[in-house]
Amino acid sequence: MTSGKIATCALLTTVAMVLSYVEAMMPIPFPVPGMKLGLANLAIILVLYLYSWREALLVSVVRILLSGFLFGNVMSIAFSLAGGFLSLLLMALIKKTKWLPMMGISMIGGVTHNLGQLIVAMIVLQTTKIGYYFAALMVTGAITGLLIGLLGSAIYERLKKVAVK
Amino acid sequence: MGAKKKQLLLTGILFIAILAIAAIIMLVSGRKDPGQMVRVTQDGQVLYTFDLSKEADQTYKVECPEGYNIIAIKDHKISVSEADCPDHICISMGELVKDSLPIVCMPHRLMIEYVEE
């Protein structure tokens, strides 16, 4: 890792953290409880495109740990990690195939982030009844993922010219 | 067809597929009869079972190592009125509705749901 790359990753980690904070403070009530915009995924997907899945994983884990200790608790860190790992794994794999644009990859990320969390929730609560809940979050995750991807590709076009390799 | 157009088309198809899967999950899981009793569980352990039609207005404090939730029964309806969890999703879910989602507080692993009995 060059020092420029470390600095860029650190900067994007900060962006991800601020976005998590903004999201935690957001006063808008969403139609589905637990629904989130997934703003932090914007920074993660940018790192994934600028560098590779390794840097994205690093930024994602650091972001989850920091914002978890600041605004959450041990349980919320566990949920975020499950969602973060699963969504990053799938986003990185699909990016390799070149089948989907950033919008589509981000959409998959939004859905699988919810899926990862729901799997942990089902294990912790020892229930399968929240499948109904997942269906609602699948739809919101797909829509917010698409929007985040659209925003991300616009930022990426500008950022890739100036970002340190 | 250009590569970009193909990618967008595939994104669109995937989006519709996701909506379709969500609709199927909702149809399959929405059909069960939810029953009459309301059960409160934490960590998979049953704390309370209520027949709301017979319960008087009351509050219950449920505690766990991470904090607490206050469950309120009012006018034969149950909700979480207060909690010290980070996201307060349990409170924002409002009163428990029969054909909808259980009330869940993930950080405290608390669930309030209708059950058959």
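Helix axes here are lines fitted to C-alpha atoms over the stretch in contact, and angles between N-to-C directions run from 0 to 180 degrees. Helices (H or I, at least four residues) and strands (E, at least two) are DSSP runs numbered from the N terminus. The model is predicted: local features need pLDDT of at least 70, side-chain atom pairs count only at pLDDT 80 or more, and totals for chains, interfaces and linings use all residues. Residues are numbered from 1 along each chain as its sequence is written, and chains are lettered from A in the order in which they are written.

In chain A, the axes of helix H1 (residues 3-25) and helix H3 (residues 53-71) come within 9 Å and cross at roughly 40°. H1(A) is therefore oblique to H3(A); angles under 35 degrees count as roughly parallel, over 145 as roughly antiparallel, 65 to 115 as roughly perpendicular and the rest as oblique. Contact means heavy atoms within 4.5 Å. On H1(A) the contact residues include Cys9(A), Leu12(A) and Ala16(A), and on H3(A) they include Val59(A), Val62(A) and Leu66(A). The residues of this contact of H1(A) with H3(A) divide into 10 nonpolar, 3 polar and 3 charged. Ala, Val, Leu, Ile, Met, Phe, Trp, Tyr, Cys and Pro count as nonpolar, Asp, Glu, Lys and Arg as charged, and the others, Gly among them, as polar.

Chain B is divided into domain 1 (1-31) and domain 2 (37-115), with bounds from an automatic or database domain assignment. Taken over C-alpha atoms, the centres of these two domains of chain B are separated by 34 Å.

Strands S4 (residues 67-74) and S5 (residues 77-83) of chain B run antiparallel and are joined by 6 bridges; two strands pair if DSSP finds at least two bridges between them. Asn69(B) has Ala83(B) of S5(B) as its bridge partner. S4(B) and S5(B) form a hairpin with 2 residues between them, and Asp75(B) in the turn has a positive phi of about 50°.

Definitions and conventions: Heavy atoms only, no water.
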